[in-house]
Amino acid sequence: MINGKKVAVVLPAYNADRTLERTYNEIDFTIVDDVILVDDCSKDRTSALARELGIFTATHEDNRGYGGNQKTCYTIALERGADIVIMLHPDYQYSPKLVPAMAGMIASGHYDAVFASRILGNGALAGGMPLYKYVANRCLTALQNLLMGAKLSEYHTGYRAWSREVLETLPLPACSDDFVFDNQMIAQTMWKDFQIGEISCPTRYFEEASSINFRRSCTYGFGVLGTAFLYRLCKMGLTSSTLFTSEERLPPAKAGAQRTSRSAPAVAEIA
């Protein structure tokens, strides 16, 4: 815990058995109380390995997509009593050693969400990010900042920390189940005027690390731009969207939700 707040790390996983253990072993359990992995119908040993490591594991019987995976991650984290939830990819691309710093920024009360940026500190290219992805990241981020009135260094990191209040407030069921979920969640966070902080993060690009192909990257890019333009139009009062106005929320935590420690591994099957 940090300042009496329970810290949970959620791992949205798909075919991550080659990198999961390395990721898990670098998590700092002096402050992390719970680790939750959601396996989105992997074809490898991701779930089996997670069980062996003692991780609370949920499995989707059908592939629900990256956004659908996160929705399950956050629902379970809230049910298990988390106050701070850190979403970390189990592909070992981002450094798990930054979990205490990110959790501390939220526990301080200054920030409601914290993003680990690959752009701050010039870590992206040094870590092997392909040049075309770096250029696309910078261009998309510049346009998004312009449209959304923000000053983030990037909108596309897969390493984020959230306060419980954010996860209980945002209409996350209205977000896509695909990769654009991340950007829609950011847009909702800004819409609700939550405070976002950033921290520099070194990254690693290697064969085992997950990455979407060029075609999916293009689809994601257009989705990102669509989200930013929609946000601006809604702010100007020219249209409205359920992405921001929906009353639907993640399922509420059960009364008396347990602050489960990692000493009690479990497996949940989700239809």
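Helices α3 and α8 pack with their axes 9 Å apart, at an angle of about 55°. Here a helix is a DSSP run of H or I with at least four residues, a strand is a run of E with at least two, and both are numbered from the N terminus. The axes are lines fitted to C-alpha atoms, for helices over the stretch in contact, and the angle runs from 0 to 180 degrees between N-to-C directions. That makes α3 oblique to α8, because under 35 degrees counts as roughly parallel, over 145 as roughly antiparallel, 65 to 115 as roughly perpendicular and the rest as oblique.

Who does the touching? On the α3 side there are Tyr 66, Gly 67, Gln 70, Lys 71 and Tyr 74, and on the α8 side Phe 181, Asp 182 and Met 185; contact means heavy atoms within 4.5 Å. Sorted by class, that gives four nonpolar, two polar and two charged residues. (Ala, Val, Leu, Ile, Met, Phe, Trp, Tyr, Cys and Pro count as nonpolar, Asp, Glu, Lys and Arg as charged, and the others, Gly among them, as polar.)

A quick word on the model: it is predicted, local features need pLDDT of at least 70, and side-chain atom pairs count only at pLDDT 80 or more, while totals for chains, interfaces and linings use all residues. Residues are numbered from 1 along each chain as its sequence is written, and side-chain values use heavy atoms, with hydrogens and water left out.

Now for the charged pairs. The structure holds eight salt bridges, each one a side-chain nitrogen of Lys or Arg within 4 Å of a carboxyl oxygen of Asp or Glu. Here are three of them:

| Pair | N to O distance |
|---|---|
| Arg 80 and Asp 34 | 2.7 Å |
| Glu 154 and Arg 118 | 2.8 Å |
| Arg 160 and Asp 182 | 3.8 Å |

Arg 160 sits in strand β6 and Asp 182 in helix α8 (residues 181–191), so this pair links distant parts of the chain, 22 residues apart. Arg 160 is buried, with a relative accessible area of 1%, and Asp 182 is buried too, at 6%. Buried means under 20% relative accessible area, exposed over 50%, and partly exposed in between (1.4 Å probe, protein chains only).

What about Glu 154 and Arg 118? Their salt bridge ties together parts that are 36 residues apart in sequence, because Glu 154 lies in the loop between α6 and β6 and Arg 118 in the loop between β5 and α5. Glu 154 is buried at 0% relative accessibility, and Arg 118 is buried at 7%.

Finally, Arg 80 and Asp 34 are both buried, and together with Lys 6 they are linked in a network of salt bridges.
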